[in-house]
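Subject: A structure for you to look at

Hi there,

Here is the structure I promised to pass on. Have a look at it first, and then read my notes below.

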Amino acid sequence: MSQVIGFDFGTHSIGVAVGQTVTGTASPLTALKAKDGQPNWDAVAKLLADWQPELLVVGLPLNMDGTEQPLTDLARKFANRLHGRFGIKVALQDERLTTVAAKEDLFGRGGYKQLQKGKVDSAAAQLILEDFLSQK
């Protein structure tokens, strides 16, 4: 079974989820605090050491019409940095509406108290990863 880690990139918080290629399922892990899109790289290294993924998937933020936005370039830079630092293959996945879907799901499970930023970001990472795995 191949492990895959997904990231929901943000400039202040980066959601993380882990998935398996055999089952096509994913689970939220944690959210990493970021400063101007830069996480604590030691925390990223620990996640990668713990899970030993064969692939990383980074959500690519696009406008609803498919055009790029300022965050799109930052997400690409984050993906390039992941590959450059850790040498693991990185794929980009369209992430349109994943945060909205994550909020709806979390709210449905427990109301407003479930809508903490870190939970939403990691749930969005889970959806990004599941979308990617479903296309394989």
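Predicted model: local features only at pLDDT ≥ 70, side-chain atom pairs only at ≥ 80, totals over all residues.

Gln52 has a positive phi, near 50°, and is a residue other than glycine.

Asp36 is another residue to look at here: its phi is positive, about 55°, although Asp36 is not a glycine. You will find Asp36 in the loop between strand E3 (25–35) and strand E4 (38–39). Asp36 has 60% relative accessibility, so it counts as exposed.

Now for the overall picture. The protein has 136 residues, and 43% of them count as buried. Among the contacts between residues at least 6 apart in sequence, 61% join residues at least 24 apart. The accessible surface is about 7,300 Å², and carbon and sulfur atoms account for 51% of that.

Next, a pair of helices. Two packed helices are described by the angle between their axes and the distance between the axes. Helix H1 (residues 41–51) packs with helix H2 (residues 70–86) at an angle of about 65°, and their axes are 12 Å apart. Angles of 65 to 115 degrees count as roughly perpendicular, so that is how H1 and H2 are described relative to each other. The crossing of H1 with H2 is right-handed. On the H1 side, Trp41, Val44, Ala45 and Leu48 take part, and they meet Phe78, Arg81, Leu82, Arg85 and Phe86 of H2. Sorted by class, this contact has 7 nonpolar residues, 2 charged ones and no polar ones.

One last stop: is Gln126 buried or exposed? Gln126 has 17% relative accessibility, and since buried means under 20%, Gln126 counts as buried. Gln126 sits in helix H4 (residues 117–134). If you leave aside the neighbours within four places in sequence, Gln126 is in contact with Ala17, Ala26, Ser27 and Pro28.

Enjoy exploring, and write back with any questions!

Best wishes

Definitions and conventions: Residues numbered from 1 in each chain as written. Heavy atoms only, no water. Helix = DSSP H or I, 4+ residues; strand = E, 2+ residues; numbered from the N terminus. Buried < 20%, exposed > 50% of the residue type's maximum accessible area, 1.4 Å probe, protein only. Contact = heavy atoms within 4.5 Å. Axes fitted to C-alpha atoms, helices over the stretch in contact; angles between N-to-C directions. Parallel < 35°, antiparallel > 145°, perpendicular 65-115°, else oblique. Left-handed = near helix turned anticlockwise from the far one by under 90°. Nonpolar A, V, L, I, M, F, W, Y, C, P; charged D, E, K, R; others polar. Areas by Shrake-Rupley, 256 points an atom, 1.4 Å probe, with all protein chains shown as cover.
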